[in-house]
Amino acid sequence: MQEPFPSTSRSVAVQSVVGGASSSRLERMLGALDNSARVGKVELACHRLVVLLGDAAPAPVLAEDHLQGLRDRFTHIDEIRHVMLDEPLGMARGHNALAAMGDTDFIVTSDAGTVPDARALWRLLGTFDEPTTGMAEAKQLPHEQSKAYDAGTGHTSWASSAFAMTPRSLFEKVGGFDEHTFVEHCADVDYSWMVREAGCTVVFQPAAIVFNDKALIERAGSERMSAEQVSAALAGLLLAHKWSREDVLDQLLAEYDTSPESAHHEAAGAFRERRDQGLLVPQRDSGHEIGYFRDGVYAEHRYE
Amino acid sequence: MTSDYREPAAEASGDSAHAHALELLAEHRAAGRVEGAVHLDLSCGRGQVADLLGDRFDVTYVGVDTDAASVAAVRGRGHEAHQLDLDDPAELERIDQILDGRSVASVTLVHGLEQRTDVPHTLAYLGRLLARERGVAVIVVPNVTHVDVAAKAIFGRWDDPDAGPSDRRRSSFHSAASLERALRRCALAKIAERNVVRAHSDQHFPSGHVALSDRSTVGTWLRGVRDQAEPHATTTEFVWAVTAAGPGVSDEPRADVDDQDDVFLSIIMRTQGRRIQELREAMLSLASQTVTDFEVLVVAHRTTAAEQGAVEEVIDDQPAFLRDRIRLLPLGRGERSAPLNLGLEHARGRYVSVFDDDDLVFADWVARFAEAEREHAGRILRVWTVLQDVTVTEVNGLAGVTATGPAKSCYSPHFSLFEHVTANQSPPIGFVFPRSLHTDLGLSFDESMTTMEDYDFLLRAAQLAGVTTIEQTLAVYHWWSDRPSSRTVHPASEWDANLQALFGRIDARPMLMPAGETWMMRDARVRLTEAEELSQRQQARIHHLEEMLANAEAEAAHLRLQLRPEQQRDAGPDDDSPRDEQSDPGADGAPRDGTLRRVARRVSRWRP
């Protein structure tokens, strides 16, 4: 079968917020992207591939001489930029900051260390031949997400930012990730829904594959784990608020108030504090046409 | 030192080494030799070859030996013979002077090689001679690896008879592999063989030695393992026809070099080129390995040109580091085992993995195996594997693999050979095995099996190597519910036939159980005994209850008989027909009469 590559050659920026990823994982990721660029350029899917690494680690994950060595090796990538972020910005602000530095037709958000198949980018790009496509997500290995999608169109509720492509123009139109509301969790769900609210579709393309072995992500300390639990729980509350699901919000707050988990109490407290201070963003989707909330997930799932 | 190897009994018979050598000569010597051509008998001893040769080939016999008395004996029988030191390279060159321009039609080296102190130089000379004369030689060399020798040596016994494979006069010892290697290094090639085979060699003593017995467990097991390892377990003497293999004969042969094993893992990936997206996923999981000390042997099995082209495209799409590690091996024959055996032949790794084109592994899959090798080299290394149901869906015209259910941990976490004898608990993607099992112990995948070849191999391999389990989930075995796979392509009857054949084979020979397995057998036996005892007790109870029920029914029948006159009496004089109290109750549903009610209560209260 003829590979349905995109009809027009485009420029693409792959951007990662580098947290705890090791240099060896980044090197493997860059090697795979270099290979992607080789294949994409030969097949005229892409004429420019840029990689942006936003480094939020206390010390640079990639030293300058190491980075230069990688640039010398991976010559199919047009540009590898390594940017030190002033502070741990979180996924949403980090990606917004990186997106502001680029000028490519498309933006790809990628977890640091994710290894794409040579054709993953171009198969994602191919979904944008359909003009209504606003965001396209690759399938992750070896742990595949169980979100439901339409067999045929690939339409789905939301796309994970672990490896997803979106047109820069649309990204700018909807204001990127809502960094005022979300730090890490739910930012991609929220962005997906804003894309859909703007009249575009979110597509899951299972033929575009990336390897993202989360078991390898370096384990954070218990303090950070706890902070992440608070952040995740708070994100759930904020998402329910933003997308006008007061019923879900009330249910979650009630659960958190009676939960034995201190992270839940902290999250409920933080939410009420924001609400009391008038810091919550305006609500949208009052007709409940976009957002999907059921049993703590934001899409129908193929299996439990 | 003479070379008068005294072959017992069969020396002059049709099954002797000398007779085999003459047959090979007759078959492989060039026809139409020039007149006056010579048959050169290196290390001629007392001239047995001369006697057998007679005037069969119209050649002039020329014998050469180190021992002067032997040479004199040969001359005494009217043959040309010369004494020179065959261990001296300079002396070897004197043979040309002896030949004095005569061409050499053929050469024999019967039981001479093993007596040489410098085998490489002897063979190098032979190589040059055969290259120059375009002749053929037949060599006869004892096999030191006959199972009789090995079975005794394992248990510390070494006998030095005057004759036979362990002849004490020998200076060098040969197996088939070492002899072939020695020939190859001297630009000689084996073109035919007619070995002497004896199930019981002249080393088959003492007769009561348990390890030598064909009936003892250890003897049967040893012979089974030895037969599997290499085809010369019962060869007493190699009788080979050899010729010059080509130019490049060197007087300084290279040192022995074992098979290359500088790669940790050889991954044999078999594909039919029909699951390209799955192959792409499998390759991506290899491209993402944290340790890259591996090679990939992609066996394109019975593929069409288009299918092979699709496989090649996936390979071309891989990052350079992985492409450099991949070798594509097309194969147009055989069932599921054939590509695995082809991969084994080409593998260079210390360990081997069987990786189907729809398998997936985690990023640390190679790394954990490599770590485990440091502590458990020589053992099979196994990780936890999950099973996941998958299907294929198309989005934007492209086929993608999609899970239809969660990954399930349904295989036993710990390996037990005892358990595996009943049912396989180890998908091939979840273990790697030492390549030595193939190269040194002769294990390969049974090509007569159309399914379960991996299970059959594992059962044979696990008892020899043992299994170490790494307690981490690192592999995904995909289960196709709605598209062809080996499970659906082969009918259930075929699976069952293969399973019965497999069980038949393992039941037919002794099995070596790893340490710890006997505990499991004992535990299983105890639990089985307890279950049997419980079953017996329950059976006895059932029997007892059935007896009580039968007694009760008999008593009830008896009571009904007793009641019948009373019933008739209770019915009164106007009622002619007998009443059935059960079909003629009173208003409360009970029999009308007091006596009947009493009896009915007695019957209803009765409990066996």
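Predicted model: local features only at pLDDT ≥ 70, side-chain atom pairs only at ≥ 80, totals over all residues.
The predictor's confidence in each residue is expressed as pLDDT, on a scale from 0 to 100. For chain B overall, the mean pLDDT is 87, with 86% of the residues reaching 70 or more, while the model as a whole scores ipTM 0.94 and pTM 0.85.

The contact between the two chains draws on 39 residues from chain A and 35 residues from chain B, and about 2900 Å² is buried between them, 57% of this area lying on carbon and sulfur atoms. On the side of chain A, the residues that lose the most area to chain B are Arg28(A), Phe211(A) and Tyr303(A), which together account for 17% of what that side buries.

Polar interactions across the interface comprise 18 residue pairs in polar contact, counted where both residues have pLDDT 80 or more, and four salt bridges are also found there. Arg119(A) forms a salt bridge with Asp317(B), in which the closest N and O atoms are 2.4 Å apart. The elements of chain A that give two or more residues to the side touching chain B are helices H1 (23–42) and H4 (120–126), together with strands S5 (115–116), S6 (133–141) and S8 (201–211); the largest share, eight residues, comes from S8(A). By residue class, this side of chain A divides into 19 nonpolar, eight polar and twelve charged residues.

Notes:
Residues numbered from 1 in each chain as written. Chains lettered and ligands numbered in written order. Heavy atoms only, no water. Contact = heavy atoms within 4.5 Å. Buried area = accessible area lost by both parts, 1.4 Å probe. Salt bridge = Lys/Arg side-chain N within 4 Å of Asp/Glu carboxyl O. Polar contact = N/O pair within 3.5 Å; in protein donor to acceptor, adjacent residues only side chain to side chain. Helix = DSSP H or I, 4+ residues; strand = E, 2+ residues; numbered from the N terminus. Nonpolar A, V, L, I, M, F, W, Y, C, P; charged D, E, K, R; others polar.
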